[in-house]
Amino acid sequence: MSTTIDAPPAVVWRVLTGLSDYGSWNPYYPRAEGDLAEGGTITLHAALPGGRSGVGRCRIRTVCPQEELRWTSHLFLPGIMDADHRFRLVRVESGRTRLEQDETLRGLLIPVAGNIVAQIRQGCEAMAEALRARAEEIPPDDLG
(Lines give C-alpha, C1' and ligand atoms only; values in the text may rest on other atoms or scores of the structure.)
Protein backbone atom coordinates (compact mmCIF):
# COMPACT_ATOMS: atom_id res chain seq x y z
CA MET A 1 0.00 0.00 0.00
CA SER A 2 1.13 3.53 -0.68
CA THR A 3 0.12 6.93 0.64
CA THR A 4 1.44 10.41 -0.06
CA ILE A 5 2.26 12.56 2.95
CA ASP A 6 2.54 16.35 2.87
CA ALA A 7 5.77 16.30 4.88
CA PRO A 8 9.42 15.67 4.00
CA PRO A 9 11.03 12.27 4.64
CA ALA A 10 12.89 13.60 7.72
CA VAL A 11 9.58 14.36 9.45
CA VAL A 12 7.94 11.09 8.40
CA TRP A 13 11.02 9.17 9.57
CA ARG A 14 10.97 10.91 12.94
CA VAL A 15 7.34 9.92 13.51
CA LEU A 16 7.83 6.36 12.23
CA THR A 17 10.91 5.70 14.38
CA GLY A 18 9.72 7.48 17.54
CA LEU A 19 8.59 4.27 19.22
CA SER A 20 7.98 5.92 22.60
CA ASP A 21 5.41 8.23 20.95
CA TYR A 22 3.37 5.48 19.25
CA GLY A 23 0.71 5.69 21.96
CA SER A 24 -0.11 9.26 20.98
CA TRP A 25 -0.89 8.56 17.32
CA ASN A 26 -0.70 4.89 16.30
CA PRO A 27 -3.99 2.94 16.47
CA TYR A 28 -2.40 -0.34 15.34
CA TYR A 29 0.66 -0.35 17.61
CA PRO A 30 -0.37 1.78 20.60
CA ARG A 31 2.77 0.69 22.47
CA ALA A 32 6.26 -0.07 21.16
CA GLU A 33 9.68 -0.29 22.69
CA GLY A 34 13.13 -1.50 21.79
CA ASP A 35 16.25 -0.75 19.80
CA LEU A 36 15.80 0.42 16.22
CA ALA A 37 19.21 -0.78 15.08
CA GLU A 38 19.90 -3.49 12.54
CA GLY A 39 19.97 -6.78 14.41
CA GLY A 40 18.17 -5.27 17.39
CA THR A 41 14.72 -6.19 18.60
CA ILE A 42 11.56 -4.25 19.27
CA THR A 43 8.37 -5.26 21.01
CA LEU A 44 5.12 -4.18 19.39
CA HIS A 45 1.78 -4.28 21.19
CA ALA A 46 -0.83 -4.64 18.45
CA ALA A 47 -4.48 -3.64 18.68
CA LEU A 48 -6.18 -5.38 15.78
CA PRO A 49 -9.44 -4.06 14.37
CA GLY A 50 -12.22 -6.13 15.91
CA GLY A 51 -10.85 -6.02 19.42
CA ARG A 52 -8.06 -8.61 19.35
CA SER A 53 -4.67 -7.70 20.71
CA GLY A 54 -1.26 -9.27 20.73
CA VAL A 55 2.38 -8.71 21.45
CA GLY A 56 5.10 -9.36 18.88
CA ARG A 57 8.84 -9.41 19.26
CA CYS A 58 10.42 -8.26 16.00
CA ARG A 59 13.96 -8.43 14.66
CA ILE A 60 15.12 -5.25 12.93
CA ARG A 61 16.49 -6.09 9.49
CA THR A 62 16.99 -2.68 7.84
CA VAL A 63 17.40 0.82 9.21
CA CYS A 64 18.26 3.30 6.46
CA PRO A 65 17.37 6.74 7.86
CA GLN A 66 14.72 8.59 5.89
CA GLU A 67 14.57 5.72 3.37
CA GLU A 68 13.67 2.28 4.76
CA LEU A 69 12.72 0.46 7.95
CA ARG A 70 12.12 -3.30 7.91
CA TRP A 71 11.43 -5.86 10.62
CA THR A 72 10.52 -9.53 10.75
CA SER A 73 8.69 -11.63 13.33
CA HIS A 74 7.12 -15.02 13.78
CA LEU A 75 4.32 -16.52 15.83
CA PHE A 76 5.73 -18.97 18.39
CA LEU A 77 8.19 -20.75 16.05
CA PRO A 78 9.40 -19.91 12.54
CA GLY A 79 7.14 -21.34 9.86
CA ILE A 80 3.85 -21.09 11.75
CA MET A 81 3.10 -17.47 10.83
CA ASP A 82 6.03 -15.31 9.77
CA ALA A 83 5.79 -11.60 8.98
CA ASP A 84 8.12 -9.34 7.03
CA HIS A 85 7.09 -5.68 7.44
CA ARG A 86 8.71 -2.95 5.35
CA PHE A 87 8.31 0.82 5.23
CA ARG A 88 9.94 2.71 2.39
CA LEU A 89 10.02 6.51 2.20
CA VAL A 90 10.32 8.08 -1.24
CA ARG A 91 10.86 11.82 -1.63
CA VAL A 92 8.40 13.30 -4.10
CA GLU A 93 7.76 16.82 -5.33
CA SER A 94 7.71 19.87 -3.05
CA GLY A 95 8.80 18.30 0.22
CA ARG A 96 6.28 15.48 0.14
CA THR A 97 6.89 11.80 0.89
CA ARG A 98 5.38 8.67 -0.56
CA LEU A 99 5.12 6.03 2.17
CA GLU A 100 5.23 2.53 0.70
CA GLN A 101 4.28 -0.04 3.31
CA ASP A 102 3.96 -3.76 2.83
CA GLU A 103 3.74 -6.79 5.04
CA THR A 104 4.33 -10.27 3.70
CA LEU A 105 2.86 -13.12 5.73
CA ARG A 106 3.94 -16.73 5.29
CA GLY A 107 3.52 -19.96 7.18
CA LEU A 108 1.31 -22.91 7.99
CA LEU A 109 -1.49 -20.83 9.55
CA ILE A 110 -1.91 -18.39 6.66
CA PRO A 111 -4.41 -20.53 4.67
CA VAL A 112 -6.74 -20.80 7.70
CA ALA A 113 -6.15 -17.36 9.23
CA GLY A 114 -8.16 -15.28 6.74
CA ASN A 115 -9.91 -13.10 9.32
CA ILE A 116 -6.69 -12.29 11.19
CA VAL A 117 -4.84 -11.60 7.94
CA ALA A 118 -7.60 -9.16 6.95
CA GLN A 119 -7.40 -7.49 10.38
CA ILE A 120 -3.62 -7.14 10.07
CA ARG A 121 -4.09 -5.46 6.70
CA GLN A 122 -6.70 -3.10 8.18
CA GLY A 123 -4.32 -2.33 11.04
CA CYS A 124 -1.51 -1.51 8.61
CA GLU A 125 -3.82 0.78 6.66
CA ALA A 126 -4.93 2.54 9.85
CA MET A 127 -1.31 2.99 10.89
CA ALA A 128 -0.38 4.50 7.51
CA GLU A 129 -3.27 6.98 7.70
CA ALA A 130 -2.41 7.92 11.29
CA LEU A 131 1.27 8.32 10.38
CA ARG A 132 0.26 10.62 7.53
CA ALA A 133 -1.94 12.72 9.80
CA ARG A 134 0.71 12.96 12.55
CA ALA A 135 3.57 13.84 10.17
CA GLU A 136 1.48 16.55 8.51
CA GLU A 137 0.96 18.20 11.93
CA ILE A 138 4.72 18.72 12.47
CA PRO A 139 6.34 21.78 10.91
CA PRO A 140 9.32 20.68 8.75
CA ASP A 141 11.65 22.98 10.67
CA ASP A 142 10.64 21.38 14.01
CA LEU A 143 12.99 18.39 13.80
CA GLY A 144 14.61 18.91 17.21
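Predicted model: local features only at pLDDT ≥ 70, side-chain atom pairs only at ≥ 80, totals over all residues.

Colleague: Why does Thr43 count as buried?

Modeller: A residue is called buried when its relative accessible area is under 20%. Thr43 counts as buried because its relative accessibility is 17%.

Colleague: What pattern does the protein chain follow along the sequence?

Modeller: Reading along the sequence gives β-α-α-β-β-β-β-β-β-α, with 3 helices and 7 strands in the chain.

Colleague: How far does helix α3 reach from its first C-alpha to its last?

Modeller: Helix α3 spans residues 114-137 and reaches 35 Å, close to the 34 Å expected at 1.5 Å a residue.

Colleague: Which elements do the buried residues of α3 pack against?

Modeller: They pack against strands β1, β6 and β7, and against helices α1 and α2. Among the buried residues of α3 are Ile120, Cys124, Met127 and Leu131.

Colleague: And the whole chain: how does its radius of gyration fit that of a compact globule?

Modeller: For 144 residues, a compact globule would have a radius of gyration near 15 Å, and the protein chain agrees, with 15 Å. Its C-alpha atoms fill a box of roughly 45 × 30 × 25 Å along the principal axes, and 40% of the 144 residues count as buried.

Technical notes: Residues numbered from 1 in each chain as written. Heavy atoms only, no water. Buried < 20%, exposed > 50% of the residue type's maximum accessible area, 1.4 Å probe, protein only. Helix = DSSP H or I, 4+ residues; strand = E, 2+ residues; numbered from the N terminus. Expected span 1.5 Å × (residues − 1). Contact = heavy atoms within 4.5 Å. Rg over C-alpha atoms; globule rule 2.2 N^0.38 Å.
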